[in-house]
Amino acid sequence: MILKLSLEGLKRKQRDYFILFTGLIVSIAVFYMFLTLALNKEFITGNSVINHIQLVFIVGIVLLSVITFFYLYYTNAFLLSLRKKEFGMYELIGAKKKQIKQVFLLETMLIAAAALGAGIFLGALLSWLVSSLLAAQLNVEFIAFKVFYGPAAFWTMVYFLAVAYAVSFINNRKLAKASINDLLKAEVKHDPLPSKPKNSALMIFSGIVLLGIGYVALFFMEILRFIGLFAAPAATTLGTYLLFASLLPIIVRKWKRNKKMNFRGLNSFTLAQLSFRLNELKWVLATIAMLIALSAGAIAGGFAFKNNAVLSVDEERLYDAALYNPGDAEEEVLETIALEERLSYRFKMDEEFVYYVEDELAANPPLIVDWVSYETKRPGPFPDNLKIDEDGYQNLGDQWTMALETINPAFSTLGRHRIVSAETFEQVEAEEITIVLARSDKFSRYIEQWQELDRLQLQDGARLYIPMDLEYESLYSKYSTFESQYAFASGTFFMGFFLGLAFLTMMASILMFKILSGANSDIRRYDSLRKLGVRKKALEASISKEIFIVFLFPALLGLLHVFVGMRMFTFVIIDPYYRLWISLLIFLAIYGSYYFFTVHLYRKLVLPKG
Amino acid sequence: MTAILNVKNISKTYGTKGANAYTAIRNLSFTMEKGEFIGIMGPSGSGKTTLLNTIATLDSVTEGEIIIGGTSLSAMNEEQLSDFRSQQLGFIFQDFNLLENMSVFENIALPLSLRNTAVPRISATVQQASTLLGISGILEKFPAEISGGQKQRTAIARALVHNPALLLADEPTGALDSTNAAILMETLSDLNKEQKVSVLMVTHDPLSASYCSRLLFIKDGEIDQELHASNSREQFYKEILEVLAGTNERVIAGEAR
């Protein structure tokens, strides 16, 4: 009987349940998406890069599980807040607490089960979308990546059902403690008065000091190393919590003190709402600031790593291609590239030496990097008339040794070099090989062409005169170096992106639910304001403003963490701030849509209809 | 005397026409002069709250017209109605409807800040209204910290602070004990007599009703009877009780309809 009543009640509050349901589906989809990636055995073992960073996945799963737990806890509390009055009524007509608890548990499990079906489907869809988008973007194929993966679906179900049971158990205990009167009057509950700040000056001071220590540790990570690795997260986290707890109430109080601002339009109401809201949410907001830092940092880190492949290869190799005896096919490709420099040299190779022509080299010295000053320059004159010592080594000097490596990368480790006059060169009995060095305005702009040139060169392996087995070794070209580094970076990018996305959606959902679960007690307030003659538009604007500020604070501090934190990567990445704006845009797009979604739902919940 | 409120042949039907339709008010008309204190009485379900809601612009009428201070309500859209409420009407509710998260001062000041009145003017007006109602000492307190009587006085101050043309009260003494209820009715009566505030009040309570200058008894959505204040309040109170007793007898005798 009670069950039947309860189902009726469920029907009546369809709209609220729809919100709850959508939130649950999103969280399940994200959880599943993450698990497919982390548990896909064939995929992980097939991608050596990802294989190396499995530890990160385990840490990721633990974090995501914890966040999901709190998420479910909040959604379940929201569910209970929707039903309190009704449950009180059942008790009034004689239903036992035990029966009501059973009904609530059953309801929670039913909703979780239904959401699981839809969530896993959406999760599979999302995995497919994200993986194919990334694959296209990275120009690689994800070997054996299964979008629908049994174990991931299984563990998602196990986890969500277990947590649904646990949170409904916890909330049921709250329900058990509440008297009938509390339940019946749940909707007219008074807010606690805003507490006077205690020791806030001290808290703000220590918060700032701790944040400072954290930032210094992040900034000088390279020097501090182990101490920094420990101090940075600890001090930053603690500082964030302290600042949120002490600073936020003070900021709002300051605003309220400004009478001109407070007594303008609905401001006094908006600020009053905000002051209660921030007080209630300060711990959640601090947590969200940290998660924003983590997720935006993961996405930004991924991007920077990916970019690093191009940067580091550019630094290592000044010429984009070194072509041996290029034919018409190669020339055709070269014509499609805007070349900044094109150099051509000849060499011959016998059993002992690789010969170059002195005049040709002197006339067109190639660019080299000075390993001491890191400057790009051209080598000076040959040293000591290229004397040959007793052991048969020719004294080339550092600069020309490097120049020859640049000119003839594949041969730099083979045999000894000889720079000789044109006459001597003619007399060497060996085949003459031409080598063409090409430098474009930007390596990354012509990736496809470099790839094609490599292919053409490899097609006729004999032309390369390199004594190595090309089945096992790759061509020592700039492109091949780039390719291997890029693969590594792409793996990191993929992971960072996935992790960041999962965290971001999850924590934005938490914030959304935390706000929405308080909506019930606000309905009366907005109704009073409407009766007092406040326009609907003004009420809507008040809600937008209030929620905007709630969303704004964690975003500001979280992003500041990212800005400072990215510096930490300087000792592995050349430019960690590369295209930070893309990561920021992704972050803003997701976070922003959650903001608008929250405002929309909140308005639907609290504003009087009609 | 000028009419502040003109209710002309209004009807209010809920639901679609047919079996489900329910008519709360039928062809009801009355006029209220400026400075009058009218009470509306009637049994539950008689339509008195519906009547108040339509005058309060919170609900629309199905037929007829309501004119407040020369303005017809039916000609206005939702936004204009909001503005009209915030400028021309003051509200007192049974459950006070104070905003719990704002101080007494902020609650009273709200109608003024909604019109973007300058801060010095707000301070002066709130001070004046709160002194008038004897709550100037609790302005910094929050609603949860003050008594029911003080809450209702705050609500009255908020309803009056912007000099509305008409003060609407829905069971203002409903949540108060008899002492506080009497003090509140004295206050309302004084405001009516001294400040010439026009008051329209819905009430169940014959004692509260005895403070009015005129009473409308509503039954089944129509005005059943009208009573004017007599020489003394005590006398008026007795007359009200007689009318109510008469209504009850009629109900018992089965001629309610």
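This is a predicted model: local features need pLDDT of at least 70, side-chain atom pairs count only at pLDDT 80 or more; totals for chains, interfaces and linings use all residues.
How many residues of chain A are in contact with chain B, and how many of chain B with chain A?

1. **The meeting of the two chains.** On the side of chain A, 29 residues are in contact with 29 residues of chain B. The area buried between chain A and chain B comes to about 2,800 Å², and carbon and sulfur atoms give 58% of that area. Between the two chains there are also 11 residue pairs in polar contact, both residues being at pLDDT 80 or more.

2. **What chain A brings.** Four elements of chain A give two or more residues each to the side that touches chain B: helix 12 (259-262), helix 13 (267-316), helix 20 (523-531) and helix 21 (536-565). Helix 20 of chain A gives the most, with 6 residues. Sorted by type, the residues on this side of chain A are 10 nonpolar, 8 polar and 11 charged.

3. B:Asp83 pairs with A:Arg535, their closest N and O atoms lying 2.4 Å apart. For B:Glu79 and A:Lys537 that distance is 3.1 Å; this bridge runs from helix 2 (residues 78-88) of chain B to helix 21 of chain A. B:Glu79 is partly exposed at 27% relative accessibility, whereas A:Lys537 counts as exposed at 56%.

4. B:Asp95 forms a salt bridge with A:Arg524, with 3.5 Å between the closest N and O atoms. B:Asp95 sits in the loop between strand 6 (89-92) and helix 3 (104-114) of chain B, while A:Arg524 belongs to helix 20 of chain A. Both partners are partly exposed: B:Asp95 has a relative accessible area of 40%, and A:Arg524 has one of 34%.

5. **Salt bridges within chain A.** Over all chains, a search of the whole structure finds 25 salt bridges. One of them joins A:Arg346 to A:Glu360, the closest N and O atoms being 2.7 Å apart. These residues are 14 positions apart, with A:Arg346 in strand 2 (residues 339-349) and A:Glu360 in helix 15 (residues 358-363) of chain A. A:Arg346 is partly exposed, at 22% relative accessibility. Elsewhere, A:Arg277, A:Asp522, A:Arg525 and A:Glu546 are linked in a salt-bridge network.

6. **Chain A as a whole.** Chain A has 22 helices and 7 strands, and 52% of its 610 residues count as buried. Of its contacts with a separation of 6 or more, 82% are between residues 24 or more positions apart. For an example of parts brought together, look at A:Lys85 in helix 5 (residues 54-92).

7. **Chain B and its sheet.** Chain B contains 8 helices and 10 strands, and 52% of its 257 residues count as buried. An open, antiparallel sheet of 4 strands in chain B has the order 2-1-4-5. Which strands stand at its edges? They are strand 2 (22-33) and strand 5 (71-72); each has a single partner strand, so one side of each is left without a neighbour in the sheet. Strand 1 (residues 3-14) pairs with strand 2 over 8 bridges, and B:Asn6 stands opposite B:Thr31 of strand 2.

Terms used: Residues are numbered from 1 along each chain as its sequence is written. Chains are lettered from A and ligands numbered from 1 in the order in which they are written. Side-chain values use heavy atoms; hydrogens and water are left out. Contact means heavy atoms within 4.5 Å. Buried area is the accessible area (1.4 Å probe) that two parts lose on being put together, summed over both. A salt bridge is a side-chain nitrogen of Lys or Arg within 4 Å of a carboxyl oxygen of Asp or Glu. A polar contact is a pair of N or O atoms within 3.5 Å; within protein, one must be able to donate a hydrogen and the other to accept it, and residues adjacent in sequence count only if both atoms are side-chain atoms. Ala, Val, Leu, Ile, Met, Phe, Trp, Tyr, Cys and Pro count as nonpolar, Asp, Glu, Lys and Arg as charged, and the others, Gly among them, as polar. Two strands pair if DSSP finds at least two bridges between them. Buried means under 20% relative accessible area, exposed over 50%, partly exposed in between (1.4 Å probe, protein chains only).
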